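Subject: Structure for you to look at

Hi,

Here is the structure I promised to pass on.

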Amino acid sequence: MRRLVLASLAAVLLAGPALAAEHNATPPTVAPKFVNVPQDAVLSYNLIGLNVTDAQNNTVGEIKDLVIESQKLAGYILSVGGFLGMGERYVVVAPDSVALGYDADAKKWKAIIGASKDQLKSAPEFKYDGKFKR
């Protein structure tokens, strides 16, 4: 009987950290893999704050955030509408919806989307709430 109680206690104590890790959803740590950055890569600081224009070069929004899912870029959060931060709303678009390029003459990044400001304003709204609250 004593062995059974000790075995049960040991099992509970050993399972405790595993259950805690599962509850907190902490990813396992692994040794780093170092990579080279290709010359055609874009860094996040080049994107966040970048104005997005339509085909007629009208500013229709601004990239405010990046959505990362399963360690891959899943979307851009754009702010649309508003003035000086008042009345702006957020929408999320797929990465392939935005054409990115570097203008070497102007020495700046450009982002172009095939949508008007009105189309973006009428898109489903993303809200920074819950676990995404800022």
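Predicted model: local features only at pLDDT ≥ 70, side-chain atom pairs only at ≥ 80, totals over all residues.

Residues are numbered from 1 along each chain as its sequence is written, and side-chain values use heavy atoms, with hydrogens and water left out.

pLDDT is the predictor's confidence in each residue, from 0 to 100. The protein averages 84, and 81% of the residues score at least 70. Confidence is highest in β1, at 97, and lowest in helix α1 (residues 2-24), where the mean is 47. Over residues 1-16 the pLDDT is below 50, and beyond near neighbours in sequence this stretch has zero contacts in the model (a contact means heavy atoms within 4.5 Å).

**The layout**

There are three helices and six strands. Helices (H or I, at least four residues) and strands (E, at least two) are DSSP runs, numbered from the N terminus. Reading from that end, the order is α-α-β-β-β-β-β-β-α. Of the 134 residues, 20% count as buried; buried means under 20% relative accessible area, exposed over 50% and partly exposed in between, with a 1.4 Å probe and protein chains only.

**The strands**

Two strands pair if DSSP finds at least two bridges between them. Start with β1 (residues 51-53). Three bridges join β1 to β2 (residues 59-69), and the two run antiparallel; here Asn 51 has Glu 62 as its bridge partner. The two strands form a hairpin with five residues between them, and Asn 57 in the turn has a positive phi of about 70 degrees.

Next along, β2 and β3 (residues 72-80) are antiparallel too, with seven bridges. Val 67 stands opposite Gly 75 in this pairing. Their hairpin has two residues between the strands, and Ser 70 in the turn has a positive phi of about 50 degrees.

Which strands does β6 pair with? With β1 in the parallel sense, over two bridges, where Thr 53 is partnered by Ile 112. With β5 (residues 98-103) in the antiparallel sense, over six bridges, where Leu 100 is partnered by Ala 111. β5 and β6 form a hairpin with four residues between them, and Lys 107 in the turn has a positive phi of about 55 degrees.

In a regular strand the side chains alternate between the two faces of the sheet. Have a look at β6 (residues 108-113): Trp 109, Ala 111 and Ile 113 are on its covered face, with Lys 108, Lys 110 and Ile 112 on the uncovered one.

**The rings**

Rings of Phe, Tyr and Trp (its six-membered ring) pair if their centres lie within 6.5 Å; planes under 30 degrees apart count as stacked, over 60 as edge-to-face and the rest as tilted. The count comes to four aromatic pairs. Tyr 90 and Tyr 128 have ring centres 5.1 Å apart and planes at 85 degrees, so they are edge-to-face. This pair links distant parts of the chain: Tyr 90 is in β4 (residues 89-93) and Tyr 128 is in the segment after α3 (117-121), 38 residues apart. Both are buried. Phe 126 and Tyr 128 are also edge-to-face, at 5.1 Å and 80 degrees. Tyr 90, Phe 126, Tyr 128 and Phe 132 form one aromatic cluster.
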